[in-house]
Amino acid sequence: MAGRTRVSGSSVVALCLLLVSLVACGGRTAADPARAEVQRVLDRRAAAVLDRDRAAYARTGTGAGFDNLGAVPLAAWSYRVRDVDRTGDDTATAGVELRYRLEGYDRGPVTAARTVRLSRDGPEGRWSVDSEGPAKESGRKPWDQGAVEVVRGTHSLVLGVGQSTGALRGYADLADRAVPAVSDAWDGDWARRVVVLVPESLEGMAGLLGSPASSYRGIAAVTTGETGGRERAPADRIIVNPDAYGLLGSLGKQVVLTHETTHVATRADTTAATPLWLSEGYADWAGYRGSGRTPAQAAPEMAGAVLEGRLPAGLPTDEDFGFTADADQLARAYEGGWLACRMIADQWGEDRLDAFYRAVGAHDDRAGAVESAMDEVLGTTPEDFTARWREYLRAEFD
């Protein structure tokens, strides 16, 4: 078609009719039978995982990874083959979606993109699995990093790799204190239980998140999950950076776990309309609530800025919360959001703070969400709110 600048409408119609005719006359294009065969072997492999049947698992191919899953309480485990690339007559690579649920904790299945490499012994042989791992640019799972040890708490399930049982018990104890503390602060409905993943190191945390380690250096923990309604938030995970977390004192560790647990609790009411100053600020408010920490103690970077005459002109933006941002700027963003939520709780009451959070998240998108919620719940405007917040900072730190 070189040299053609356009195709007339009639030519397009003729081409479409020709394609329809070819399909009608020739019937369906024969599908590669390898895809169905690969699906069958992965179905057997999934059944072996759920049945804890090592021998059946080995009959589907490599036995690698089976023992890593031994302690993980699985309620469901299945594969769906998306595509199969025949890399040779007797070798193939399959793009697969893994779906699994942790018993007693996941509302719905967690999905993960996986790459499965297979081979067979001759054209008539059965396909067998040579390896399975995360797809390109996808995060690893704990069992990809080694044998998973599991510690159960009253309100928590802790999955660790390369950690002592005592260390994992410590995380469970902190999470068990965090859950009732969050339930006391947040009046919304939530599962009141959390799953905590504790890898061996910062590099392990980054591997679980599918990101460079440099993105999370100094970050003690993060929470993963889908926003946008309860039905789309089946399974949150709190993922710890043991390197940074280990540097915290006992109060700091508790605040971090309570902060992350708050994200789990508020997930169903956190949407694209929710600014980070509100979601992160509320989580810090719940984390520090009842701790006895003063603003000067909990927000030293903001305190220093105000005392030096660098009062922020406005609330933190989403960009201020980027993990690649300057460390001091990132700290001021979190502290500024916390102080904004603390101010709402102080001046309007904790019930209004919860109601404001839900009202913002009830919008479909960001435009107008905060403005509308401020008007309906707080009876104020963004301009007035910002002025109050700046005065609140002066009063706390001057």
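Residues are numbered from 1 along each chain as its sequence is written, and side-chain values use heavy atoms, with hydrogens and water left out. Because the model is predicted, local features need pLDDT of at least 70 and side-chain atom pairs count only at pLDDT 80 or more, while totals for chains, interfaces and linings use all residues.

Helices (H or I, at least four residues) and strands (E, at least two) are DSSP runs, numbered from the N terminus; two strands pair if DSSP finds at least two bridges between them. An open sheet of mixed pairing is formed by five strands in the order β5-β6-β7-β9-β8. Its edge strands, β5 (149-152) and β8 (221-224), each pair on one side only. β8 runs antiparallel to β9 (residues 237-240), and four bridges join them; A221 stands opposite V240 in β9. Helix α7 (residues 250-266) packs on the sheet and touches β7 (194-198), β8 and β9. Contact here means heavy atoms within 4.5 Å. The direction of α7 makes about 10° with that of β8, where axes are lines fitted to C-alpha atoms, for helices over the stretch in contact, and angles run from 0 to 180 degrees between N-to-C directions.

**Helices α10 and α14**

The axes of α10 (residues 300-307) and α14 (residues 382-397) come within 10 Å and cross at roughly 90°. α10 is therefore roughly perpendicular to α14, a term for angles of 65 to 115 degrees. M302, A303, V306 and L307 of α10 meet W389, L393, R394 and F397 of α14.

**Pockets and cavity**

On a 1 Å grid over the protein atoms alone, a cavity is a set of points where a 1.4 Å probe fits but cannot get out, and a pocket is an open set with protein on both sides within 12 Å along at least five of seven lines; lining residues have an atom within 4 Å of a point. Grid points are joined across faces, edges and corners, and a volume is the space filled by probe spheres set on the points.

| Void | Volume |
|---|---|
| Second largest cavity | about 40 Å³ |

The largest pocket is lined by 46 residues, with I219, H259, E280, D284 and Y334 nearest its centre. α7 gives the most to this lining, with seven residues. In the second largest pocket, lined by 23 residues, V110, T111, K141, T224 and R237 lie nearest the centre. The largest share of that lining, four residues, comes from β3.

Technical notes:
Angles under 35 degrees count as roughly parallel, over 145 as roughly antiparallel, 65 to 115 as roughly perpendicular and the rest as oblique.
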